[in-house]
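Thank you all for coming.

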Amino acid sequence: MALVSVIVPTYNREETVSRAIDSVLAQTYDELEVVVVDDGSTDDTRSVLESYDDDRVRPIYHETNQGANVARNTGIEHARGKYVAFLDSDDEWRPEKLEAQLDVLEKRSEEWVAAYCGFAFELTGPIDRLRGLAASVLSRADDRPRMEGGTELIGEILADNVHTGAGSTLIVRTDVAREVGGFDETLDRFQDPEFVLRILEVGKLAYVDEPLVVREETGTPPADTIRRADEQYLSLYAEDVDRFEAEGYAIRSSHDLVLAKSYFSEGRLLRGWWHLARARPAIRHVPGVVWSAVSGVRRRPTPFLVACVGLLVAVVGSWLWRRP
């Protein structure tokens, strides 16, 4: 059995990191090690890690906080396994996660170097569950994108049609992770899909169509930070963006949709409208757009903003209704 090095970057997550680690130790595939990289935590994360009396748990400590990408790369550097897998310290795995992915990889040729899986968000409130249900129902009207393969997946990932969730779903051969240089430490966002794009230049990516990861929705950085990271990310793949857009992929508009929702969430509706006008949202995006706008109103509850949200809902709904 091949050893799997599971890399868990963490920073001030004393309340959740043990849940993540325990979900790894509970895997039905037990030939593994857990490389937990404490990225300069100032809470009691170290005490939590040192409480484990299990040789499979290997804590590594950064003296100062350097960011999740650096922490993941530290884990890749110290990995002993044939494969490395990644898990954020506020997420958790289903027990069969590694076994299902390795079963797929071991049955395929050597060109299949990585695999990811489906995931589900931990929706606690009734409004969150309703929003998730609405998005799920509406998404059934969309054509299903290609979910696995080689370089042909680049367009799907750039267009935000495929979400690999690499930070908690991905398993990849360790030599490949090192060959491509690990995670880009200069990116504040989009580091997960960017890492996968470089993996696709080396080999193929498999997909296990099961929600084997439970993810927790966490806070997002300011919209301006996301915009700058988005510009940096797309500039790295400018030639691919042009090539796949020529083939019909709506890459730039999908990124404008992400930015529109970010600005709406901050209550900056005019800026959000500017990006939404450049996007071409599908019907499955309506709940997310509306929810973002409502969240913005809650943060800046003025009559003007309330009116703008009403107009937003009406215009988007009318536009989608008229689409052929």
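A word on the source first: what you see is a predicted model, in which local features need a pLDDT of at least 70 and side-chain atom pairs count only at pLDDT 80 or more, while totals for chains, interfaces and linings use all residues. Residues are numbered from 1 along each chain as its sequence is written, and side-chain values use heavy atoms, with hydrogens and water left out.

The chain has 15 helices and 8 strands, where helices (H or I, at least four residues) and strands (E, at least two) are DSSP runs numbered from the N terminus. Of its 324 residues, 51% count as buried, and by buried I mean under 20% relative accessible area, with exposed meaning over 50% and partly exposed lying in between, for a 1.4 Å probe and protein chains only. If we take contacts (heavy atoms within 4.5 Å) between residues at least 6 apart in sequence, 79% of them join residues at least 24 apart.

Now to the sheet. In what order do the 8 strands of the open sheet run? The order is β3-β2-β1-β4-β7-β6-β8-β5, with mixed pairing, and two strands count as paired if DSSP finds at least two bridges between them. The edge strands are β3, residues 57–62, and β5, each of which pairs on one side only. Helix α1, residues 17–25, lies across β1, β2, β3 and β5, running at about 165° to β2, an angle that is taken between N-to-C directions on a scale from 0 to 180 degrees, with axes fitted to C-alpha atoms and, for helices, over the stretch in contact.

Let us turn to the aromatic rings. The structure holds 8 aromatic pairs, meaning that rings of Phe, Tyr and Trp (its six-membered ring) have centres within 6.5 Å, with planes under 30 degrees apart called stacked, over 60 edge-to-face and the rest tilted. The rings of Tyr116 and Tyr207 have their centres 4.7 Å apart and their planes at 35°, so this pair is tilted. Because Tyr116 lies in β6 (residues 112–121) and Tyr207 in β8 (residues 204–215), the pair ties together parts that are 91 residues apart in sequence. Tyr116 is buried at 1% relative accessibility, and Tyr207 is buried at 16%. Elsewhere, Phe86, Phe183 and Phe195 form one aromatic cluster.

Charges also sit over rings, which requires NZ of Lys or CZ of Arg within 6 Å of the ring centre and within 35 degrees of the ring normal. The charged end of Lys97 is placed over the ring of Trp93, 4.2 Å from its centre, and that of Arg271 over the ring of Trp274, 5.4 Å from its centre.

Finally, Asp160 lies in the loop between α6 (153–158) and α7 (166–169). Leaving aside neighbours within four places in sequence, Asp160 is in contact with Ser254 and Val258.
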